[in-house]
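Dear colleague,

I am passing on to you the structure we spoke about, and my notes on it follow below. Please read them with the model open beside you.

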Amino acid sequence: MAEKKKKLLQGNEACVEGALYAGCRFYAGYPITPSTEIMEGMSVRLPKLGGKFIQMEDEIGGIAAALGGSLAGLKSMTATSGPGFSLKQECIGYACLTEIPLVIVDVMRGGPSTGYPTGPSQSDIMQAKWGTHGDHPVIALTPSTVPEILTETIRAFNLAEQFRTPVMVLYDEILGHMREPVTIPNPGEFAVEDRAKPEVKPEDYYPYDDKFLIAPLAPFGSGYRFHVTGLNHKQDGFPTNDSKVIRENNLRIMRKVDINRETIWKNEEVMLDDAEVVIFTVGSTARSARFAVNELRKVGVKAGLLRPLTIWPFPDRAVAEISSRVKAIIVPELNLGQMTLEVERVAKGRCAVEGLYRVDGEPITPSQIFHEVRKYL
Amino acid sequence: MSTPVAEKKEKLSVPFDYNKYLRPNKLPHIWCPGCGHGIVLKAMLRAIDKAGLDKNNIALVSGIGCSSRTPGYVDFNTLHTLHGRALPFATGIKLAKPEMKVIVVTGDGDALAIGGNHFIHACRRNIDITVLVFTNATYGMTGGQYSPTTPLESIATTSRYGNIEPPFDTCEMAKASGATFVARGTAYHTIELEKTIHEAITHKGTSVVDIIDACPTYFGRANKFKSATQMMEEIEKDGTVNVKQAASLPPEKLAGKMLRGVLHKVERPEYCEKYETLIMEKANAKK
Ligand SMILES: Cc1ncc(C[n+]2csc(CCOP(=O)(O)OP(=O)(O)O)c2C)c(N)n1
Ligand code: SF4
Ligand SMILES: [Mg+2]
């Protein structure tokens, strides 16, 4: 086995490594702080692997071209930050309804508007879920270390290809720009999923074959000629006004993620067994939380950390379970309470739920969390 | 009125088997009687046939609008995208699979208003995509609002007092943006249009054909045209002149007329080829 390569990488560079490992061969985007290093990295690395890179005229063009690349059969990605993420929303809905796999990385910066380009934030959590119109399935991953950005980006590609749906990777500016040692995995070390190919003859192929929950997607130009539209469509891909078909399809695209949520969910649990107060958070804020939990334990406080790496679908089961046996769940986040709302929804009053917010472009510190937890004891 | 050069010499190849390319079970189409979009579709199919393209290898990409419904009716790899976004989707397909023939069918609103920025940048890159702009001077699908090609003073549902915005000259814009093949045709001059589209799809690089066609339902009614045919005659036949004939006509005969035919054609390295030969080679040499 080849000797493992250890590198000191920035979060955005680790994202590039993860994407290439997962087999990404198409990138289209538009520069925006603090995500730009991803596209710069892709522009250098992709051509060496026979992959394609293009800088488009705006973020809409970026995601649209990436969807074109994906439909032509290449694993595709785009990356952006707040304002660009807003621009991509219409195409995200298109990808959900047409079921075209895609990875969208959003390196979160302060908002609203141009906001604080170089400051961290976690204020796109709800935009990731509700940013595009219409009910639609959402998978969003939230790594909290540089090595995890690499591995979660691989997971994002795998989920996108398996579920034929756009998958988002959300992390904040701190993670995008911080450097940590990262071990580049050897081939075969992590599973890499490819999209299912049709097994039927072209004349029997339906791009949304209702024999499947998730039908195989043939690449354009492979002899399977089919139609793709953002209109509500039948299993053959053509538009329909049939209310029964519209309903079934709208429910199916939700169901394909919903019934598989157990395999999409991923949580880290730190000292939860005897915890009386639990911190629920993601990304760089989870790093402060982990530190705070250790400090709290040192002074005899039974604190724990529940850290989802999948924020959408929301980890309902884990939060419900913990809410029935703790005094309080504290939700520190770099926004004004987006995740807190969800924790409250799931906890249903079984324990106290308290948000700890920061929107001044500075991180939430371990001591802030430490003092917040102590209030509940 | 003089007859166009092309029509004198050539006859329509009748009977042409359109069913070879159509998806007959997706018909009837949504277009109104008298709409020019169907005539353009037929000219496009004849041009594709003449070019001998393989159906499996053609991607037909559109945005949103009446014209953008074209892909649904033809048996290629067809993609009906979002309003204004046909070109970036098409760019992705072409770059990912340069061996495919990528054709974009788009409305004047789709291509030049909401998609205007993508339009000029696709031209600038000179990526090998053919763009057929169905210019009916209105937003047909949403019921006849004024578009970027609506003539001054015309009536639309959002310009009831007359349009005060000057229209784009799509061909001048395409040329200035870097497209290497720029032409204009009309739905009236259907054989000439077939030839022009054929030349566009066999050109390497971004090729743009501005196709003047009619929306009798909205533009026609609002502007008091008597019929779809009268509209075609006035706008497409009498309102245009073939560029070859124009050379021998005095300026007063050309006043207010749009030029038809191939208006600009140059050879310049194509985007995907440059990507292969410049970027890929340099990247791999550096390894
Ligand atoms: C983002 C967005 N904005 C607006 C619309 C509504 N809309 C649909 S088609 C259209 C105009 C189409 O005009 P054109 O492209 O000229 O095509 P035509 O119908 O005239 O052939 C508009 C404004 C939309 N579908 N999406
Ligand atoms: S509304 Fe106008 S553009 Fe649309 S189909 Fe009818 S005639 Fe054609
Ligand atoms: Mg129009």
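**Where the two chains meet**

A:His227 stands opposite B:Thr78 in β2(B). Strand β10(A) is joined to strand β2 (residues 77–80) of chain B by three bridges, and the two run parallel; strands count as paired if DSSP finds at least two bridges between them. Helices (H or I, at least four residues) and strands (E, at least two) are DSSP runs, numbered from the N terminus.

Before going on, please note that this is a predicted model, in which local features need pLDDT of at least 70 and side-chain atom pairs count only at pLDDT 80 or more, while totals for chains, interfaces and linings use all residues. Residues are numbered from 1 along each chain as its sequence is written, and chains are lettered from A and ligands numbered from 1 in the order in which they are written.

The contact between the chains takes 33 residues from chain A and 34 residues from chain B, where two residues are in contact if their C-beta atoms, placed from the backbone, lie within 7 Å. On the side of chain A that touches chain B, the elements giving two or more residues are β2 (24–29), β3 (52–55), α3 (59–71), α5 (89–98) and β10 (227–229) of chain A, and the largest share, nine residues, comes from α3(A). By class, this side of chain A has 18 nonpolar, nine polar and six charged residues, with Ala, Val, Leu, Ile, Met, Phe, Trp, Tyr, Cys and Pro counted as nonpolar, Asp, Glu, Lys and Arg as charged, and the others, Gly among them, as polar.

**The ligand**

Ligand 1 is surrounded by 17 residues, of which the closest are B:Gly65, B:Gly107, B:Gly109, B:Asp110 and B:Gly140; a residue is near a molecule if its C-beta atom, placed from the backbone, lies within 6 Å of it. Helix α4 (residues 108–114) of chain B gives the most to this shell, with three residues, and by class the shell has five nonpolar, ten polar and two charged residues.

**Domains of chain A**

The domain assignment, which is automatic or taken from a database, gives chain A a domain 1 (6–183) and a domain 2 (266–374). Their centres, taken over C-alpha atoms, are separated by 26 Å, and the contact takes 24 residues from domain 1 of chain A and 20 residues from domain 2 of chain A.

With best regards
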